[in-house]
Amino acid sequence: MDYELTEKEVAEPLQDLKEGMDQLENNKTLRHILSTLLTIGNFLNASNAKGFELSYLEKVPEVKDTVHKQSLLHHTCTIVVEKVPDSTDLYSEIGAITRSAKVDFEQLQDNLYQMEQRCKASWDHLKVIAKHEMKPALKQKMSEFLKDCAERIIILKIVHRRIINRFHAFLLFMGHPSYAIREVNINKFCKIISEFALEYRTTRERVLQQKQKRANHRERNKTRGKMITDSGKFSSNTASSPSQPQGLEYAEDAAEHENMKAVLKTSLQSGESSASVVPGLRTRTRTRANRGRVGSCNPVNDDSPNATDDAADEIMDRIVKSATQVPSQRAVPRERKRSRANRKSLRRTLKSGLTPEEAKALGLISTSEMQV
């Protein structure tokens, strides 16, 4: 017989069962789960029970509430995750129980019995063979092998008996009544625990995902309706920046305004001397009208526009710059757009000049100058 393989098939499941009982006995997550289930059951049934049968674990995923249609396992997992944040998924910690759930221990006991019977039969066969011609060395080797197998089989029987007795004691520890201990099937018990642990791990992952989604949703609600500069790293940058740059921008805008007033005042004074043409600006109609004429240009009038081209270019550059200025760089908020009915063309204003009343309204001339 293949003794080594048969011995391995008997010894390994016994070792797994021993390790599985230790894992369940020392597992804190399982204790919290069973305690939570007992508390929920007492609350729903208005009772004060001290325990429940472990076979009820098979029905936990099937029991659902009447409002949200969530299973009892889902509510249990939610409570355990909230009350015990350091709890585990349970399934990854009871690998020995999962392996034991795949073993038929009744068949294992039968295999152990067959090993004992075969060993006894081998002794009988060896005695029959020894009566005939047989080398002493071979007979000695066969006797030592069968003796060693018999000792190991006796040890396996002792280990098997002790582990079964320890399993019965473990059932007492789990709350089983003493009269029903010997009727518990080891394979069925391990299978119930393993399948429940697998269901718990799946439900726990789903609960953690929902919890993470709710946390992300709360974070988004905190910044909802706010500008991007008011949140995160932008707020720190904004808070750390002093108010001095805004003052510099305001000073630059004020200086630009004063320069514009000076340019307009200069153009107004030049306009008083020549009412027909605004200095520094030649209209397109005049240019086009003068293209077809030869020799009709007055050299005195040509010198005046050429001399004031720089002033007109400066006015237009400043107007374009103020119109294309970035809104975020403006120190003073924009005014409301005025009605189109009162809007006047800049070209028409520069062409016809400013009246004394308009110049006074703009602050370009003083009251004493108007009286003169």
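## Helices H1 and H6

H1 and H6 are roughly parallel to each other. Their axes cross at roughly 25°, and an angle under 35 degrees counts as roughly parallel. The axes come within 10 Å. The crossing is left-handed. The contact draws on H1 residues including Tyr3, Glu4, Glu7, Val10, Ala11, Leu14 and Leu17. Lys18, Met21, Asp22, Leu24 and Glu25 of H1 also take part. From H6 come, among them, Phe145, Cys149, Arg152, Ile153, Leu156 and Val159. H6 also supplies His160, Ile163, Arg166, Phe167, Phe170 and Phe173. By class, this contact has 16 nonpolar, one polar and seven charged residues.

The model is predicted. H1 spans residues 3–26, and H6 spans residues 136–173.

## The chain as a whole

The protein chain has 372 residues, of which 26% count as buried. It holds 15 helices and zero strands. How much of the contact set with a separation of 6 or more comes from residues 24 or more positions apart? The share is 73%.

## Leucine 17

Leucine 17 lies in helix H1. Is leucine 17 buried or exposed? Its relative accessibility is 0%, so leucine 17 counts as buried.

Phenylalanine 167 is 150 residues from leucine 17 along the chain. The C-alpha atoms of the two are separated by 8.3 Å.

## Salt bridges between helices

Side chains of opposite charge can pair when their charged atoms come close. The structure holds eleven salt bridges. One of them joins the side chains of arginine 152 and glutamate 7, at 2.4 Å from N to O. Arginine 152 counts as partly exposed because its relative accessibility is 25%. Glutamate 7 has 13%, so it counts as buried; the cut-off for buried is under 20%. Beyond four places in sequence, glutamate 7 is in contact with Met115, Arg152 and Leu156.

Which residue does lysine 157 pair with? Its partner is glutamate 116, with the closest N and O atoms 3.1 Å apart. Here too the pair links distant parts of the chain, 41 residues apart. Lysine 157 is in H6, and glutamate 116 is in H5, which covers residues 105–131. At 32% relative accessibility, lysine 157 is partly exposed. Glutamate 116 is buried, because its relative accessible area is 18%. Salt bridges that share partners also join Glu4, Glu7, Asp148 and Arg152 into one network.

Glutamate 12 forms a salt bridge with lysine 8. The closest N and O atoms are 4.0 Å apart. Both residues lie in H1. They are four residues apart, about one turn of the helix. Glutamate 12 has a relative accessible area of 41%, so it is partly exposed. Lysine 8 is at 47% and also counts as partly exposed; exposed would need over 50%.

## Helices H2 and H3

Two packed helices are described by the angle between their axes and the distance between the axes. H2 covers residues 28–45, and H3 covers residues 72–83. They pack at an angle of about 120°, with their axes 10 Å apart. H2 and H3 are therefore oblique to each other. The range for roughly perpendicular stops at 115 degrees, and roughly antiparallel needs over 145. H2 passes H3 in a right-handed crossing.

Which residues meet at this crossing? H2 supplies His32, Ile33, Thr36, Leu37 and Ile40. H3 supplies Leu72, Thr76, Ile79 and Val80. By class, this contact has six nonpolar, three polar and no charged residues. The H1 contact with H6, in turn, has seven charged residues.

Definitions and conventions
Residues are numbered from 1 along each chain as its sequence is written. This is a predicted model: local features need pLDDT of at least 70, side-chain atom pairs count only at pLDDT 80 or more; totals for chains, interfaces and linings use all residues. Side-chain values use heavy atoms; hydrogens and water are left out. Helices (H or I, at least four residues) and strands (E, at least two) are DSSP runs, numbered from the N terminus. Buried means under 20% relative accessible area, exposed over 50%, partly exposed in between (1.4 Å probe, protein chains only). Axes are lines fitted to C-alpha atoms, for helices over the stretch in contact, and angles run from 0 to 180 degrees between N-to-C directions. Angles under 35 degrees count as roughly parallel, over 145 as roughly antiparallel, 65 to 115 as roughly perpendicular and the rest as oblique. A crossing is left-handed if the near helix is turned anticlockwise from the far one by less than a right angle, and right-handed if clockwise. Contact means heavy atoms within 4.5 Å. Ala, Val, Leu, Ile, Met, Phe, Trp, Tyr, Cys and Pro count as nonpolar, Asp, Glu, Lys and Arg as charged, and the others, Gly among them, as polar.
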